[in-house]
There are 2 protein chains.
Amino acid sequence: MKVEEREISQAVIRRLPRYYRYLGELLANGVERISSNDLSKRMNVTASQIRQDLNNFGGFGQQGYGYNVKYLRTEIGKILGLDVDHNFIIIGAGNLGQALANYASFERSGFKLKGIFDVNPRLEGVTIRGIQIHMMDELKSFIRDNNIEIAVLTIPKTKAIEVAEQLAETGIKGIWNFAHTDLKLGENVIVENVHLSESLMRLSYKIGRYDEEHSQE
Amino acid sequence: MKVEEREISQAVIRRLPRYYRYLGELLANGVERISSNDLSKRMNVTASQIRQDLNNFGGFGQQGYGYNVKYLRTEIGKILGLDVDHNFIIIGAGNLGQALANYASFERSGFKLKGIFDVNPRLEGVTIRGIQIHMMDELKSFIRDNNIEIAVLTIPKTKAIEVAEQLAETGIKGIWNFAHTDLKLGENVIVENVHLSESLMRLSYKIGRYDEEHSQE
């Protein structure tokens with residue numbers, strides 16, 4: 001399927017992986033076909049939102065027949081790039097880097113961990129789930145030799161900017177950034193940020209709003 | 001400052017912690033006052049976006065004078081609930097739970113880790129950064145006795161739903177959910193999800209779009 005050439009909104013992109021997850025759960029439960037109404041109840045979004053979102057990519061549904069779960073999941077998987085493998089490395093073998101290295105579920109979506117990098121010489125050659133920890137001086141050659149597409153940055157923000165610039169020079173395609181800073185690179189390196197403390201602040205904001213609304217009742 | 005009673009959009013809420021972070025960096029660099037234009041260049045959003053976002057909360061700027069960095073940061077901090085302490089616990093002492101337990105920076109924003117919970121009896125009494133690991137049978141009394149407001153769920157999704165329901169019964173205010181499932185609880189428990197694999201899929205989507213656009217040139 002050919003994605004149309006117009007801009008897809010950030011909000012739609014944010015929802016796509018969630019559709020993929022729900023469709024995967026339906027499939028695991030043996031559901032073959034689902035209406036946008038039923039999907040909407042499960043996902044707690046409106047049916048018109050679902051139809052609108054999927055129409056961005058050409059539809060997939062036939063009026064009155066609902067969606068074929070397997071087909072729709074496969075197509076959304078293709079849109080997300082999950083039909084091809086993506087080799088990745090993790091830079092920073094601390095707790096978070098190790099946690100991510102141990103997520104076998106990434107593998108099932110086509111994300112293949114090929115190496116882990118750290119600056120601590122005591123970690124050289126240590127393996128996590130069979131994946132070796134390398135020193136940073138091997139970074140560039142490793143990326144080139146192993147066709148690495150994505151680097152995960154789980155290092156402190158003071159180091160992240162410098163390492164990100166090194167990565168950009170290697171021609172890497174994407175950085176999954178857990179460092180608490182916004183990386184400013186050329187548009188040829190896609191950066192996806194996970195700013196955990198900002199997520200925690202949003203939670204605290206929402207708790208505060210809830211408390212405020214209910215103290216006024 | 002009294003937040004107005006209208007709905008603040010999700011997009012604004014998503015941006016607020018980022019303003020807070022940039023203002024903190026400015027303050028650390030000794031910047032006392034900044035125009036929305038200068039802030040906009042640094043943050044890579046439009047100046048009108050900044051003015052619009054902050055107007056949701058009453059403004060803070062005086063035409064032609066820019067923003068007082070310290071004042072604005074303090075006020076955004078209050079909106080985010082960072083002017084008061086929030087006691088929290090982590091449920092799940094695996095790599096991710098340990099990584100979060102080791103993030104001392106949460107503490108500086110008022111998030112106080114009071115305890116860690118796990119089902120593995122070998123971890124009972126072990127401490128991380130001085131914080132003790134407890135067994136799950138102590139959960140309810142611990143939450144009550146320690147005035148716990150937030151629980152962080154770093155356990156597999158198969159367990160998360162059950163534990164979240166237990167948490168809801170204790171009257172906890174918020175759950176920071178890292179389990180790969182959407183928790184469906186009453187509206188009195190605020191859930192903030194961090195679905196890591198969905199973030200990785202968004203990265204892969206964006207890489208694919210970039211490749212597609214540039215192969216067509």
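The structure shown here is a predicted model.

Figure 1. Chain A contains 9 helices and 9 strands. Its C-alpha atoms fill a box of roughly 60 × 50 × 35 Å along the principal axes. Chain A has 217 residues, and 37% of them count as buried. Now consider contacts in chain A between residues at least 6 apart in sequence. Of these contacts, 56% join residues at least 24 apart.

**Figure 2. Helices H2 and H3 of chain A.** Two packed helices are described by the angle between their axes and the distance between the axes. Here the pair is H2(A), residues 36-43, and H3(A), residues 47-55. Their axes are 8 Å apart, and the packing angle is about 110°. Angles of 65 to 115 degrees count as roughly perpendicular, so H2(A) is roughly perpendicular to H3(A). Which residues of H2(A) meet H3(A)? They are Ser36(A), Asn37(A), Leu39(A) and Ser40(A). On the H3(A) side, the partners are Ala47(A), Ile50(A) and Arg51(A). By class, the residues of this contact are 3 nonpolar, 3 polar and 1 charged.

Figure 3. H3(B) spans residues 47-55. Three of its residues are buried: Ile50(B), Asp53(B) and Leu54(B). Why do they lie on the same side of H3(B)? They cover an arc of only 90° around the axis, and that puts them on the same side. Ser48(B) and Gln52(B) sit on the other side of H3(B), where they are exposed. What covers the buried residues of H3(B)? The cover includes two helices of chain B, H1 (10-28) and H2 (36-43).

**Figure 4. Where chain B touches chain A.** In this view, 43 residues of chain B are in contact with 43 residues of chain A. Several elements of chain B each supply at least two residues to the side that touches chain A. Among them are the helices H1, H5 (95-101), H6 (104-108) and H9 (196-215). Strands S8 (174-177) and S9 (190-193) of chain B also take part. Which element of chain B gives the most to this side? H9(B) does, with 14 residues. By class, the side of chain B that touches chain A has 22 nonpolar, 13 polar and 8 charged residues.

Technical notes:
Residues numbered from 1 in each chain as written. Chains lettered and ligands numbered in written order. Predicted model: local features only at pLDDT ≥ 70, side-chain atom pairs only at ≥ 80, totals over all residues. Buried ≥ 20, exposed ≤ 12 C-beta atoms within 10 Å, placed from the backbone. Helix = DSSP H or I, 4+ residues; strand = E, 2+ residues; numbered from the N terminus. Arc of directions from axis to C-beta. Contact = placed C-beta atoms within 7 Å. Nonpolar A, V, L, I, M, F, W, Y, C, P; charged D, E, K, R; others polar. Axes fitted to C-alpha atoms, helices over the stretch in contact; angles between N-to-C directions. Parallel < 35°, antiparallel > 145°, perpendicular 65-115°, else oblique.
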